[in-house]
Amino acid sequence: MPLNLGVLSSMSCVQADSILKKIVRKIGQECTAQGQTVSETLVAFMVKAVALDPRNDFNVDQAVIRKDVQNLIQLCVTRLLDTTNPSLSTIKMQVFFDMNYANRAELLSEQHRVLEGKLAPAVRDITDSHPRVQELQSMYRKIVSYVLLSSGLGPPTDTEAVREVTAGLQSVFPQREMITFISLSKKNKEQQLKNLAKLVTGIRLHNKECGKGGSSVDDLPAILNESIPSATQTVDERLNACHRLAHQYTALLESTQEDPHRYAQLSSFKLKEALFNVRQYEAFLCILLSDAITSAQEVEKIKVQFAATMEQLKNTVQNKVSIDAKEVFPLFIALSNLWSGFQDEILLLSFLTNMTNSLQQFSEIQSQLFPKELLTSLLEGVTVKSDEERIRETMGTRVNVSDFKNREWLFPETTDNFDQLLIQYHSFCAHAIGVKGLTLPGNPAIGILKHKERCYVFSSKEAAYAFAQDPDKFIQLNIEKAKEHAELILLLELCHQFEYFAPFEQAKNAGKRWIKPTMQCDSSTQTDTHILPPTIVTSYEWNEWELRRKAIKLANLRRKLTHAMQTDLSHMRRENSTQVYLPKDGSTQTKRDNSSNVPRPQIFLKGLRGGSSPTTHMVKVDLTRPVDEN
């Protein structure tokens, strides 16, 4: 499909975005035709990565002709189909994590929103209906179903669970109160439904603790006690494997810089791409491990609170026939809220486990490129140092601040919240990235350089001195390295450096301004009619005669008395009321009676009696009157 792009520099942002979408669609179609399904997000990232790479030599100073577009598409398709390149696996891993990972607050908020959406039809069915007296029992069963679904303690098809919920609901909300319930407003109905669900959940949990039911209620604390250590151990084992590979790859890359023969031997193994893949996998596993540790701490806190609340509830209801609702209802609700915390932790643990298992597929290329036997042979005669060992070796060295002018250095003893400083490049050495292409751990004890409100750490004193001589130069080297290896943009957290990246534009074109997206938004303003609250006194009256009339009325009321009396028959009687159905007026309609009147026929015969002449004949005369005369 031909694309007539013209000169990109003269295009609007809308046109450039449309062209990018066409290119992304074309690349996706070609990859699908060759048996590789890719997402649009991945393709868009790859298009920008290919356009950023200075080795591809894309320039907007010239007209973008069809040949340039075809070249871009071919380069992207080639990289997307190269499944043996660790760089592609790293980019896929970054896209997957960015689109699927959510922190605790976001995940729980989304889960609660989904749960409310599932319960919304049941809530509307209860709150919007106005049942008759004979339909109240059916409405009560709907409330039982809602309470069971809302609590998550057993499936709705479990007869035992339904019976427990019904018994618990009747103890706090008997059916005779349905008349009062249906008279409430919709908002109050929804709030009462939530309170009833929490109360019944707390009652069921208390009964389970006392051995009086709860067979369908899972023991969530026991499940979490087993699952969290297992999940944490799995993440920790994979994290240790990442550490080991990262240390080995770093040692091999350092050996190639010291020995040219070694460099020629290992140049075809894509060691740098493999190192970046391991470091990114390591960073994501650290995030998941931190979430797992937070979840374990939260579970321990909830367990302590749940046990204390349950013990308080037992002491409150123990050996008592009648209990004040004000004492036990808050405890039941507290139990329900704490149990919801257990359910949230189960959800979080499941999410972390799925994320851990899904990320593993992006690191499988390591075993394909470097089988254990091959890696062992390559490491012969190479000293492998861990990140901890590298930091320990440099603990005794420190930057001498007097050696620099106009440079701000931060140290633990002179800086507040030193451990909470936001370090650039994911705390990797700012010098080694651009110069050596290595991700070496930085040691803050050497000194943190603060340059243009950003903090940088280094792996050695020599690296710190070299970087401090011209920080902008090395920062630009790191940016150029990220252009060559696009996965470094996310790994080193360099998104702010490429915020205004546009296709077909090189960052080294210093005389050319980057195309910035046009920011648009709808806005409106409104001025209040009355800024201050109204001060009108409604009881004020200006008419003197009106005031006199009110005074006379009040004076008359003072002299009035109200009398009441009771008889022996009415003494201590209560008011009775009944409700009946008033008779209805009914009517029916039948057919109409109708009639018509026609003239009666009259005929006169002349000559029946004879006449004076024998020749006289009989004459017939019609005397019937015409119809129109009636």
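Predicted model: local features only at pLDDT ≥ 70, side-chain atom pairs only at ≥ 80, totals over all residues.
Figure 1. Beyond its neighbours within four places in sequence, L359 is in contact with M93, F96, F97, Y281, F284 and L288. L359 is also, together with W409 and F458, one of the residues that touch the most other members of the largest nonpolar core.

**Figure 2. The largest nonpolar core and another core apart from it.** The largest nonpolar core holds 69 residues, and the members touching the most others are L359, W409 and F458. Helix α12, spanning residues 271-317, makes the biggest contribution to this core, giving 11 residues. Another core of 45 residues lies apart from it, with L169, M178, L313 and L335 among its members.

**Figure 3. The largest pocket and its lining.** The space in this pocket comes to about 1100 Å³. Its lining is made up of 38 residues, of which L115, L119, S150, S151 and S340 are the closest to the pocket centre. Four helical segments are shown: α5 (104-127), α6 (136-151), α9 (186-209) and α13 (325-359) are the elements that give two or more residues to the lining. By residue type, the lining of the largest pocket divides into 16 nonpolar, 13 polar and 9 charged residues.

**Figure 4. The largest cavity.** The count of cavities of 30 Å³ or more comes to 2. The largest cavity contains about 50 Å³ of space. Lining this cavity are A102, N103, R104, L107, D291, S295, L348, F351 and L352. At least two lining residues come from each of α5, α12 and α13. Of the elements, α13 gives the most to the lining of the largest cavity, with 3 residues. The lining of the largest cavity comprises 5 nonpolar, 2 polar and 2 charged residues.

**Figure 5. Cysteines C286 and C455.** A search of the whole structure finds 0 disulfides. C286 is in no disulfide, and the nearest cysteine sulfur, belonging to C242, is 8.6 Å away. C455 has a relative accessible area of 7%, which is under 20%, so C455 is buried.

Conventions
Residues numbered from 1 in each chain as written. Heavy atoms only, no water. Disulfide = S-S within 2.5 Å. Buried < 20%, exposed > 50% of the residue type's maximum accessible area, 1.4 Å probe, protein only. Core = buried A, V, L, I, M, F, W, Y, C linked by side-chain atoms within 4.5 Å. Contact = heavy atoms within 4.5 Å. 1 Å grid on protein atoms, 1.4 Å probe; cavity = no way out; pocket = protein on both sides within 12 Å on 5 of 7 lines; lining within 4 Å. Points joined across faces, edges and corners; volume = space filled by probe spheres on them. Nonpolar A, V, L, I, M, F, W, Y, C, P; charged D, E, K, R; others polar.
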